[in-house]
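Hello,

Here is the structure I promised to pass on. Please open it first, then read my notes below.

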Amino acid sequence: MFGKILAGVDKVLTFFEEWTLFLSVMVVLIALFFNIILRYGFNYSLAWSEELVREVIMYTTFIGCSVAVKTRSMIKVDALLQLVPSLRLALMTISHAATIIFSFIMIYYGYLICLQQAATSQKTIILQIPMVILYSLLPAMGTLMLIRTIQVIYQDIMIEREKREKI
């Protein structure tokens, strides 16, 4: 039952991550393309395109964290694992615990920063996007990382269970 729920959540999150990454990168590429044409062809520059690129880079970085957890592409040092393979389960547990702690830190402090931004009503300079929207990426992506980590932990438990049943 829990596996089916996680599979459904995985489908929804994967669709969301892939399409929002695709659309945001395409918008930025088009904006940069027109900015380059205007800059070198007509000696005119779009000021908003550079701000848009900066905001999309922040978004893709945070959503990339969730994707990295799902695909197990997080940066890790596995030298100890190669030296002592019997520690694999313990090291995976430590790694998952660290990711969960980091996710909670992102959620908690991101929420606090969002409250501050909501109180000050700051906006970006050119596009006039409320900063609270940009800072809301922190708790949202922390939540996505937490969900993805739970999915990976469940997959690891299922793999360990299958290994033990074979023995």
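Helix H2 (47-70) and helix H6 (137-166) are among the parts that cover the buried residues of H1. Keep in mind that this is a predicted model. The buried residues of H1 are Leu6, Leu13, Thr14, Glu17, Ser24, Val28, Ala31 and Asn35. H1 itself runs over residues 2-42. Its 41 residues reach 58 Å from first C-alpha to last, close to the expected 60 Å. Asn43 follows H1 and has a positive phi, near 55°.

Now the charged pairs. Side chains of opposite charge can pair when their charged atoms come close. The count here is six salt bridges. Three of them are worth a look:

- Arg148 and Glu17 meet at 2.8 Å, N to O. Arg148 sits in helix H6 and Glu17 in helix H1, so the pair ties together parts 131 residues apart in sequence. Arg148 is buried, at 0% relative accessible area. Glu17 is buried too, at 2%. Asp10 joins Glu17 and Arg148 in a network of salt bridges.
- Arg39 and Glu50 meet at 3.0 Å, N to O. This pair ties helix H1 to helix H2, eleven residues apart in sequence. Arg39 is partly exposed, at 32%, and Glu50 is partly exposed at 43%.
- Arg72 and Asp156 have their closest N and O atoms 2.8 Å apart. Arg72 is in the loop between H2 and helix H3 (79-83), and Asp156 is in helix H6. Arg72 is partly exposed, at 34%, whereas Asp156 is buried, at 8%.

Is Thr149 buried or exposed? Buried, with a relative accessible area of 1%. Beyond its sequence neighbours within four places, Thr149 contacts Val69, His96, Thr99 and Ile100.

Best wishes

Methods:
Residues numbered from 1 in each chain as written. Predicted model: local features only at pLDDT ≥ 70, side-chain atom pairs only at ≥ 80, totals over all residues. Heavy atoms only, no water. Helix = DSSP H or I, 4+ residues; strand = E, 2+ residues; numbered from the N terminus. Expected span 1.5 Å × (residues − 1). Buried < 20%, exposed > 50% of the residue type's maximum accessible area, 1.4 Å probe, protein only. Contact = heavy atoms within 4.5 Å. Salt bridge = Lys/Arg side-chain N within 4 Å of Asp/Glu carboxyl O.
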